Each structure stands twice: as C-alpha cells, then as structure tokens.
Amino acid sequence: DLAGSNSLSDNTVWSINEARDSTLWVGTNTALNILDRRTGRWTNFKQEAGSQHAFRGRQVHAICEDKFRSNTFWLGTLDSGLIRFDRGKNRFVRHPLPSGPDHLYAIHQDREGILWLGTNSSGGLLAFDPARKKFTSYGVQVQEAPAKKGWVLTIAAPRDSSNHSLWLGTWAGGLHVFDRINHTLKNFHSEASELHALAEHS
C-alpha cells in the first residue's frame, strides 16, 4: 500500500540505506519508506492484506541493495523474515527463514552474491543463495545462556578482498569473527585480555 501522505510513515527508524541512485531507504516500525532527495517526495510501502506480492513486513531492521541485480533490494523484517523487493515492479516476495520465528536483524552481501543474515533463530547466522533460493545455517554457539546471546544483530566485512571473515555483533555474546571459508568462529568479549586480543587481530 502506497500511503498518500508525503512523509515518513512513523518516527521509529530501524534501518537506513542509500541506494546507488541516491534515494534514501528507511525502515520503520510500520513500513518501508523511500525518499527521493531530488524532489523531496516520500513513498511508503505498508502492510497490505489480500495481495500476493504486497509488502508484508513489520519493523524493517535491515535494507540491502543487491550488488548484482538491478532494482533488487533485500529487507530484513520482524516476523516476515527475508523479503526481496523488485523496485521496477513494486513487487515483494517473501523468503521464510528455515526455522522460526522469522526475525531478521542484519543483511550483508558478499563478493560472490551470497546474503549473510543475522537472526534470532537457526543458530543466529544464515547464508542465503539468491540464485538457488537456498538457506544454510551456521550456528553461533555461545556458552552460558541466556539464549539471546546467539542472536546476530549486525554483520560487517573487511575491505580487504583477500580476507574472508565476517564480523558478527551479537546480543550479549560479544563480537564474533566468522571465517567464510573454514567455517570457524572466534569470539571477543569485554574481558581485558580478549579486548587486547581484538586489538592485535585488527
């Protein structure tokens, strides 16, 4: 549903992304919002019942423009998991996560086109191959519950193309470094010795 008012849908903002065409994409509690900064015009996509390809998300936590597919954006939402948005057709396609609940907090696309997803299920870290439409789970194991320590809330990657690591920020579980080739995981937390190790690693 494209809202008629020319404004942000609501004042709780979860995610912001600047697209290659300089439009600003903003995820809020209730909608996906797009600002054309040349005209000052807002477009809001809110939940719409009955239409197969309408927006179904709630709390848009992550927005990622596909590096290899034009007019394609990936959205991470609360309850609706991963959503692909075709900007040319204004069409949304939902890709449910392999095990619920479908809460998706972070999206990072690597140089091979794989989407790395931060969630609160499936061990916290998922990889999604858009070409094959296939999910792979990589568990972020954190000892000493609570279970929220395995939630992956943010994902970043080094600029160095020879470095195959992903940096994972978790809920109360510290910082993890995930090797995409060997599938190994290293953890840093707030103890002084670990922080020193982090400084040496960077």
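Student: What makes Asp10 count as buried yet without a salt bridge?

Tutor: In this predicted model, Asp10 is buried, a term that means under 20% relative accessible area, with exposed over 50% and partly exposed in between (1.4 Å probe, protein chains only). A salt bridge requires a side-chain nitrogen of Lys or Arg within 4 Å of a carboxyl oxygen of Asp or Glu. Lys and Arg count as positive and Asp and Glu as negative, while His and the chain ends are not counted.

Tutor: As to the source, residues are numbered from 1 along each chain as its sequence is written. The model is predicted, so local features need pLDDT of at least 70 and side-chain atom pairs count only at pLDDT 80 or more, whereas totals for chains, interfaces and linings use all residues; side-chain values use heavy atoms, and hydrogens and water are left out.

Student: Which side chain does a polar contact join to that of Asp10?

Tutor: The side chains of Asp10 and Thr30 are joined by a polar contact of 2.6 Å. The term asks for a pair of N or O atoms within 3.5 Å; within protein, one must be able to donate a hydrogen and the other to accept it, and residues adjacent in sequence count only if both atoms are side-chain atoms.

Student: Where is Asp10 placed?

Tutor: Asp10 belongs to the segment before S1. Strands (E, at least two residues) are DSSP runs numbered from the N terminus, as are helices (H or I, at least four).

Student: Why is one side of S1 and of S4 left without a neighbour in the sheet?

Tutor: The open sheet has four strands in the order S1-S2-S3-S4, with antiparallel pairing. Strands S1 (13-18) and S4 (41-46) stand at the edges, each with a single partner strand, so one side of each has no neighbour in the sheet.

Student: Why is Ser22 called partly exposed, but Lys133 exposed?

Tutor: Ser22 has a relative accessible area of 37%, so it is partly exposed. Lys133, with 54%, is exposed. Ser22 is in the loop between S1 and S2 (24-28), and Lys133 is in the loop between S11 (124-129) and S12 (134-139).

Methods
Two strands pair if DSSP finds at least two bridges between them.
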